Amino acid sequence: MVKPQTIVATGGAGFIGSNWLNLMVPRHPECEFINVDCLTYAGNLESLEAISGLPNYHFERADIRDRVALTKVWKQYQPDSVVHFAAESHVDRSISGPTEFVETNVMGTLNLLELFRTETAESNRYRFHHISTDEVYGSLGETGMFTEETRYDPSSAYSASKAASDHLVRAYSRTYGLPVTITNCSNNYGPRQFPEKLMPLMILNALEGKPLPIYGKGENIRDWLYVEDHCEAIWLVFEKGASGETYNIGGNAERKNIDIVHAIIGAVAEATGMDNSKIEGQITYVKDRPGHDFRYAIDASKVRAELGWEPTESFESGLAKTVKWYLENPKWVDSVRSGEYRQWIDQNYAQR
Ligand code: NAD
Ligand code: DAU
């Protein structure tokens, strides 16, 4: 592939997108980065304060469901490459309201593929990179790992919509010869994650003396990856991955949810001097998530062997950094906890 110069990064105001832009914009002054984000509840420009004045960073508020708005972005910037983060990303929200998930994750991806196919000059020399999830593979039992060959078997409207978007991206490679890559990653954690997800929700509730709601028995297992390790993998695959290929990305850090919560309590107590056993008393078992996948585990040997990627952050050091970030950024926390946030928390946890 020819070196990218003008990159549309969708969803750059969200958790992973903003971490990626914060790392890549200063590191790659030879590239222009256009953050295309419509700023849903999950998108926050405060996550991008550190780079917003840099000359190679541009923000365009646009909805990927709106092809006319995307066409304007393409006409203005003539991007050669796309890194596609934008999505509705929270499984519980997809249970209570699946429609937006299909509209953004499926139709939004289709719109971007169409723009790339029809409006990017010499698109075959550049790259469309699609960020996806290990949830497309469904649920594992006690053993086994997801490889790139694992059959798709999604359980939620979120994972079904991501599976559909993956299929579209691959279809555009096979039918139109577009140079696409896909990464399917495990659970990310780190700074700037919206506090609807397990890690930031538990950190903030622990600090604030609120209940720590564990779905079911807390025995479900996820594989945790520090977000900056994921960001490095995305750049590597974007730049050097083989066209048409999929790469699984994982942290090699499987944990039961209940153990994650104990670890968060320990890290919060350590960072603040709060009483560990008092926070333990905040643990509350609540009604399980419908269709709750039991276990995810990633076999990342392909990206390791072909591109040399390995996670660098240990789970313990990544967790300590994450807790520290939430303690040091109360302004960010306040700004994302809008009325809409409080409404979601009331609705989701009142029913459990
Ligand atoms: P997020 O919910 O934090 O952020 C999503 C971003 O997309 C927000 O800035 C939001 O405003 C934007 N967005 C949503 N709908 C849009 C639309 N219609 N038009 C334009 N922008 C829109 O999500 P995240 O956790 O950063 O996830 C980013 C990507 O990574 C997603 O595709 C997700 O499926 C994938 N992923 C996430 C994880 C994880 O653990 N968080 C793991 C693997 C893969
Ligand atoms: O595996 C990758 C996926 O990880 C991404 O594709 C998704 O975008 C991302 O949201 C995440 O999905 P999960 O459903 O695994 O993440 P979540 O943080 O919502 O939940 C993690 C686990 O914790 C899951 O087993 C459900 C449980 N949980 C979650 C919440 C919010 C609880 O027990 N209590 C809670 O309050």
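Let me start with charge pairs: this structure holds 20 salt bridges. By salt bridge I mean a side-chain nitrogen of Lys or Arg within 4 Å of a carboxyl oxygen of Asp or Glu.

Some ground rules before the details. This is a predicted model, where local features need pLDDT of at least 70, side-chain atom pairs count only at pLDDT 80 or more, and totals for chains, interfaces and linings use all residues. Residues are numbered from 1 along each chain as its sequence is written, chains are lettered from A and ligands numbered from 1 in the order in which they are written, and side-chain values use heavy atoms, with hydrogens and water left out.

Back to the pairs. Arg 93 and Glu 196 join their side chains in a salt bridge, 2.7 Å from N to O. Arg 93 sits in helix H3 (residues 91–96), and Glu 196 in the loop between strand E7 (187–189) and helix H6 (198–207), so this pair ties together parts that are 103 residues apart in sequence. Helices here are DSSP runs of H or I with at least four residues, strands are runs of E with at least two, and both are numbered from the N terminus. Are Arg 93 and Glu 196 buried or exposed? Both are buried. Buried means under 20% relative accessible area, exposed means over 50%, and partly exposed is in between, with a 1.4 Å probe and protein chains only. The pair also belongs to a network of salt bridges that links Arg 93, Glu 196, Lys 197 and Glu 340.

Next pair. Glu 254 and Arg 295 form a salt bridge through their side chains, again given N to O, at 2.7 Å. Glu 254 lies in strand E11 (residues 254–256) and Arg 295 in the loop between strand E12 (283–286) and helix H10 (301–307), so the bridge ties together parts 41 residues apart in sequence. Glu 254 is partly exposed, at 32% relative accessibility. Arg 295 is buried, at 5%.

One more. The side chains of Arg 65 and Asp 63 meet in a salt bridge of 2.8 Å, N to O. Arg 65 is partly exposed, with 33% relative accessible area.

Now the ligands. Ligand 1 has 29 residues around it, and Ile 16, Asp 37, Ser 89, Tyr 158 and Lys 162 come nearest. A residue counts as near if one of its heavy atoms lies within 4 Å. What are the polar contacts? I count a pair of N or O atoms within 3.5 Å. A polar backbone atom of Ile 16 is 2.8 Å from an oxygen atom of ligand 1. Ser 89 places a polar side-chain atom 2.6 Å from a ligand 1 oxygen. For Lys 162, a side-chain N or O atom is 2.6 Å from an oxygen atom of ligand 1. The protein covers 97% of the 830 Å² of accessible area that ligand 1 has on its own. Those areas come from the Shrake-Rupley method with a 1.4 Å probe.

Which elements build the shell around ligand 1? Helix H1 (15–27), strand E5 (127–133), helix H5 (157–176) and E7 each supply at least two residues. E5 gives the most, with 3 residues.

Ligand 2. Of the 24 residues around it, Asp 134, Tyr 158, Arg 289, His 292 and Tyr 349 come nearest. A polar side-chain atom of Tyr 158 lies 2.6 Å from an oxygen atom of ligand 2. An N or O atom in the side chain of Thr 133 is 2.7 Å from a ligand 2 oxygen. Leu 198 uses a backbone N or O atom, 2.8 Å from an oxygen atom of ligand 2. The protein covers 94% of the 690 Å² of accessible area that ligand 2 has on its own. H6 and strand E8 (212–215) are the elements that give two or more residues to this shell. E8 gives the most, with 3 residues.

A word on H6. Of its 10 residues, 8 are buried, among them Met 199, Leu 201 and Asn 205. Just after H6, Gly 209 takes a positive phi of about 70 degrees.

Last, the backbone. Which residues have a positive phi without being glycine? Leu 39 does, at about 60 degrees, in the loop between strand E2 (32–37) and strand E3 (57–61). Arg 192 does too, at about 70 degrees, in the loop between E7 and H6. Arg 192 counts as buried, at 19% relative accessibility.

Key
Polar contact = N/O pair within 3.5 Å; in protein donor to acceptor, adjacent residues only side chain to side chain.
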